[in-house]
Amino acid sequence: MKALRIRQWMVIGMLIVLILPRLFYEIPGLFDRYIGESNKHSRQETALDTLMREVGKEDISRWRDPSWQSTLGNMIATSHVGIILLDTSDHEIYHSVPAGYESTAYRELSVMEQGQLRGKALFYVPMQTSHMATAFAIIAGLCAILFIGWQMGRVVVKPLEAMSAAARRIAGGDLDFHLPESTVMEVADVRAAFHAMGKGLRDSLIRQSELEEERRFFISSIAHDLRSPLFVLRGFLNRLERGLASHPEKASRYAAICSKKAEQLEHLVSDLFSYSQLASLEQQLRHEPLNITALLTDMVTEYLPVAKEREIDLVYNASATEHVLHGDAHMLRRAIGNLIDNALRFTHSNGIIVIRLHVEDTRVLFTIEDSGPGIPEHALPHIFEAFYRGDASRNPEYGGTGLGLTIAQRILRAHKGDLTAQNHSQTGGAIFTGWIALHTTI
């Protein structure tokens, strides 16, 4: 049934209360008139015609005759018809209308002599009263009121009681509720709002649980990643402090190890700081015109000495055309730098890293392909998750903090782009493909 506003329901209810009793009041009268009292009505009409003929044939002067009036009274008593006789001045000559008769004349007879009015006769019939009609009307009115009360209870009171109970359950932390439907539009709107609120709260609790789980994992991962280099760093510093490095060469080796572990700690803290800013990354971006071709060229130039030191060929292929887009140069440098760092970490000596850049209609596309061992198939769907490493031991010798790829992907997504990963099907190695929209909104 179509939902109606509560004002419309009130109008419908009032019409039912007003019309239904009246209809039921008329039904017994119609029944009596056309079925139950058809013979009685026919006899009354016959008696009325006889009485009118009797009154009309007599001389007007006889209307005042007591004996004639007595005879007329007997005829009235048997015919159940009332009569009033009037002279030319509308003064009553004879009056016999019992109580309970209709107030207006049922028929009127004018007596004329020689074209002049000599008198009038008014005939009255009993009023059609029925106790059954009154009882029907009262019963219909009560039924109408009970029906409206039941209907209002079903479509208004019951949903409101259910909403009140649901509100108490929500206050107690129970979000599993269902409210009955209603054909009252206002109640239906509140019901829909309650269900939307419940769904929002359930989603919020689920998200809160996920965030709590992520927070615990975040803390345990940080503790693990900080503990390992700090343990090594403290051990070698204690040796140096206690003078266990008797030879300068040994002391230099200890110092180099300490420097390496300090560099790992610095890298970890830097990644953690960047990761903590990802939630509001889009608000932090400083969009400005940026030559992406020049940016990649500069970065490849910066990484060439590192690649050469590790005996890795770093190849850069790009068109000579310069391509300008709007973006945050610092953030894009960090994203692409994380990808190049990742490629250098997993590429062995005498390996090769190929960086390509080309432009499509609406975006700038770049790929970073290495000749390393590739990404394990079981790890491929998870490599962009925070703190994820294919190495379950989280050994920093075989990977970074587990945040580099997450940071890179989120930076590109903040530039209306994305980052994906796959393995090379023929030569092995990983291929990271990133793209940035050419028309990023400033």
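K416 is not a glycine, and its place is the loop between α10 and β10 (418–423). Its relative accessibility of 45% makes K416 partly exposed, where buried denotes under 20% relative accessible area, exposed over 50%, and partly exposed the range in between (1.4 Å probe, protein chains only). Most residues other than glycine have a negative phi. A further exception is N350, also not a glycine, with a positive phi of about 65°. N350 is situated in the loop between α9 and β8 and counts as exposed, at 70% relative accessibility.

The model is a predicted one, in which local features need pLDDT of at least 70 and side-chain atom pairs count only at pLDDT 80 or more, whereas totals for chains, interfaces and linings use all residues. Residues are numbered from 1 along each chain as its sequence is written, and side-chain values use heavy atoms, with hydrogens and water left out. For the protein chain the mean pLDDT (the predictor's confidence in each residue, from 0 to 100) is 79, and 82% of the residues reach 70 or more. The pLDDT is below 50 over residues 392–396, a stretch that has 10 contacts in the model beyond near neighbours in sequence; contact means heavy atoms within 4.5 Å.

The protein chain comprises 10 helices and 11 strands. Of its 442 residues, 36% count as buried. Among contacts between residues at least 6 apart in sequence, 66% join residues at least 24 apart. The chain exposes about 26500 Å², of which carbon and sulfur atoms supply 57%; these areas come from the Shrake-Rupley method with a 1.4 Å probe, and for residues only the protein chains shown count as cover.

The largest nonpolar core contains 43 residues, and those touching the most other members are L339, I353, I355, F366, I368 and F432. A nonpolar core is here a set of buried Ala, Val, Leu, Ile, Met, Phe, Trp, Tyr and Cys residues joined through side-chain atoms within 4.5 Å. At least two residues of this core are supplied by each of α8 (292–309), α9 (329–346), β8 (352–359), β9 (363–370), α10 (404–414) and β11 (430–437). Helix α9 provides the largest share, eight residues. Apart from neighbours within four places in sequence, L339 contacts F366, I368, L405, A408, L419 and F432. A second, separate core has 18 residues, including V55, W63, I83 and A121.

Helix α9 also holds N338, a buried residue with a relative accessible area of 11%. Beyond its neighbours within four places in sequence, N338 is in contact with G404, I407 and A408. Helix α10 is largely enclosed by the rest of the structure, because nine of its 11 residues are buried.

Strand pairing was assigned where DSSP finds at least two bridges between two strands. Strand β4 (residues 116–124) pairs with β1 (residues 82–86) in the antiparallel sense over five bridges. Seven bridges join β4 to β3 (residues 107–113), again with an antiparallel course. Residue K120 of β4 stands opposite L86 and is also the bridge partner of S110. The hairpin formed by β3 and β4 has two residues between the strands, and Q114 in the turn has a positive phi of about 55°.

With a disulfide defined as a pair of cysteine sulfur atoms within 2.5 Å, the count comes to zero. Of the cysteines, C143 is partly exposed at 43% relative accessibility, whereas C258 is buried, with a relative accessible area of 9%.

In helix α1 (residues 6–36) lies I12, which is partly exposed, with a relative accessible area of 35%. The C-alpha atoms of I12 and I148 are separated by 9.4 Å, the two residues being 136 residues apart along the chain.

Technical notes: Helices (H or I, at least four residues) and strands (E, at least two) are DSSP runs, numbered from the N terminus.
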